[in-house]
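Notebook open, model loaded. I want to look up the ligand site and then the sheets.

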Amino acid sequence: MNTFLHAKDLGNFDEALEIARELKEDRYKYEQLGKHKTALLVFFNNSLRTRLSTQKAARNLGLDVIVLDVNQGAWKLETERGVVMNGDRSEHLLEAIPVMASFCDIIGVRTFAGLTNREDDYTECILNQFIRYSGKPVFSMESATAHPLQSFADLITIDEYKKTKRPKVVLTWAPHPKALPQAVPNSFAEWMRAADFDLVVTHPEGYELDPLFVGDARVEYDQMKAFEGADFVYAKNWSCPGVTNPADYGKILCNEPSWTVSQRQMAVTNDAHFMHCLPVRRNVVVTDEVIESPRSLVIPEAANREISASVVLKQMLANL
Ligand code: CP
């Protein structure tokens, strides 16, 4: 594996889940793989889980780790080619990337959607420059449109808790005061389809996800109907993906509080587990009661980020 952005990059899911189980039993099983090798983790925005879990996973595999917070201590980076750099951006990615690459063997990149120009975000301008100009294996730690390490951790979690081979998994939009990217719901839909789970996506009209990720998954605009018989409920806010109306890309079209996940909706499920990638706004996205209930998986789900990153790094190191 030389790049990790989409579900297909991981290869066979059964094999990957088997490695996940193996690494959960013994996190240091492959600690020789990363000896005398260095992982560089580049963050263009804030992170708690990704930052901690990816460092831990890299160290489990014997890697040295360098973390660079681009916006804290580095030169301000220009990302567009052709720009006259007479503003406050002192260095271009086109020089910065090969320089960063000269100090490491593998690169993780965390970027965020700008949410102003759909094309810029959906062409993954920053991540693709790392892939093109670093000459090193590059993995996404969340990009403008996808969060595959999160979705792999979600898959591992569902695999651990599911009672049937093909559980009903509901991805539900929930309100939020800020406009958020579509990376998490995009990847979640993509990975749940690739796992062949019974995926239902529910959101207010106008929030249709990109067909590249959601494919032919069932979309149900009635949230209560979508929740009926669900085994897993995955809540997440996202801003307008601009699929039906590109002019609305990145906007908040609705903040209807009845979409907050509460016991009212959970009552019609098949005693569903509640999931969210975190961080989460309590009593906006989900009520205290639901997130604190014994059916909530948000903590084991976050802990599985170490496992998903360990599997991905192991597979990438095997190719070095
Ligand atoms: N879920 C997730 O990626 O969390 P962070 O933004 O804290 O890394």
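This is a predicted model: local features need pLDDT of at least 70, side-chain atom pairs count only at pLDDT 80 or more; totals for chains, interfaces and linings use all residues.

Residues are numbered from 1 along each chain as its sequence is written, and side-chain values use heavy atoms, with hydrogens and water left out.

**Entry: ligand site**

Which residues surround the ligand? I list Ser-47, Leu-48, Arg-49, Thr-50, Arg-110, His-147, Gln-150, Cys-277, Leu-278 and Arg-305. Being near here takes a heavy atom of the residue within 4 Å of the molecule.

Next I checked polar contacts, meaning pairs of N or O atoms within 3.5 Å (within protein, one must be able to donate a hydrogen and the other to accept it, and residues adjacent in sequence count only if both atoms are side-chain atoms). The side chain of Thr-50 puts an N or O atom 2.7 Å from an oxygen atom of the ligand. Arg-110 also has a polar side-chain atom 2.7 Å from a ligand oxygen. Leu-278 uses its backbone: a polar atom there is 2.9 Å from a nitrogen atom of the ligand. On its own the ligand has 260 Å² of accessible area, and the protein covers 94% of that. I note that such areas come from the Shrake-Rupley method with a 1.4 Å probe, and that for residues only the protein chains shown count as cover.

Why do I place the ligand between two domains? Domain 1 (3–146 + 305–317) and domain 2 (149–302) both give residues to its shell, so it lies between them. The domain bounds come from an automatic or database domain assignment.

Terms before I go on: helices (H or I, at least four residues) and strands (E, at least two) are DSSP runs numbered from the N terminus, and two strands pair if DSSP finds at least two bridges between them.

I read an open sheet of 5 strands in the order β1-β7-β6-β2-β3, with parallel pairing. β1 (3–4) and β3 (64–69) are at the edges with a single partner strand each, so one side of each has no neighbour in the sheet.

Strand β2 (residues 38–43) pairs with β3 in the parallel sense over 6 bridges. Thr-38 has Asp-64 as its bridge partner in β3, and Leu-40 has Ile-66. Towards β6, I find 5 bridges, again parallel, with Phe-43 opposite Arg-110. That Arg-110 is the residue I logged with a polar side-chain atom 2.7 Å from a ligand oxygen.

Is β2 buried or exposed? I call a residue buried under 20% relative accessible area, exposed over 50% and partly exposed in between (1.4 Å probe, protein chains only). For β2, 6 of the 6 residues are buried, so the strand is largely enclosed by the rest of the structure. Thr-38, Leu-40 and Val-42 cover one face, and Ala-39, Leu-41 and Phe-43 the other, all of them buried.

Strand β6 (residues 106–110) has 5 of its 5 residues buried, so it too is largely enclosed. Ile-106, Gly-108 and Arg-110 are on one side, with Ile-107 and Val-109 on the other. I count 3 parallel bridges from β6 to strand β7 (residues 138–140), where Gly-108 stands opposite Phe-139.

**Entry: sheet with β8 to β12**

Here I get another open sheet of 5 strands, order β10-β9-β8-β11-β12, with parallel pairing. The edges are β10 (218–219) and β12 (273–275), each with a single partner strand, so one side of each is left without a neighbour in the sheet.

Strand β8 (residues 168–173) runs parallel to strand β11 (residues 232–236), joined by 5 bridges, and Val-169 stands opposite Phe-232. On β9 (residues 198–202), β8 has 5 parallel bridges, including Val-170 to Val-200. In β8, 6 of 6 residues are buried.

I looked up Val-268, in the loop between α10 (263–266) and β12. Val-268 is partly exposed, with a relative accessible area of 31%. Its C-alpha atom is 34 Å from that of Lys-8, 260 residues apart along the chain.
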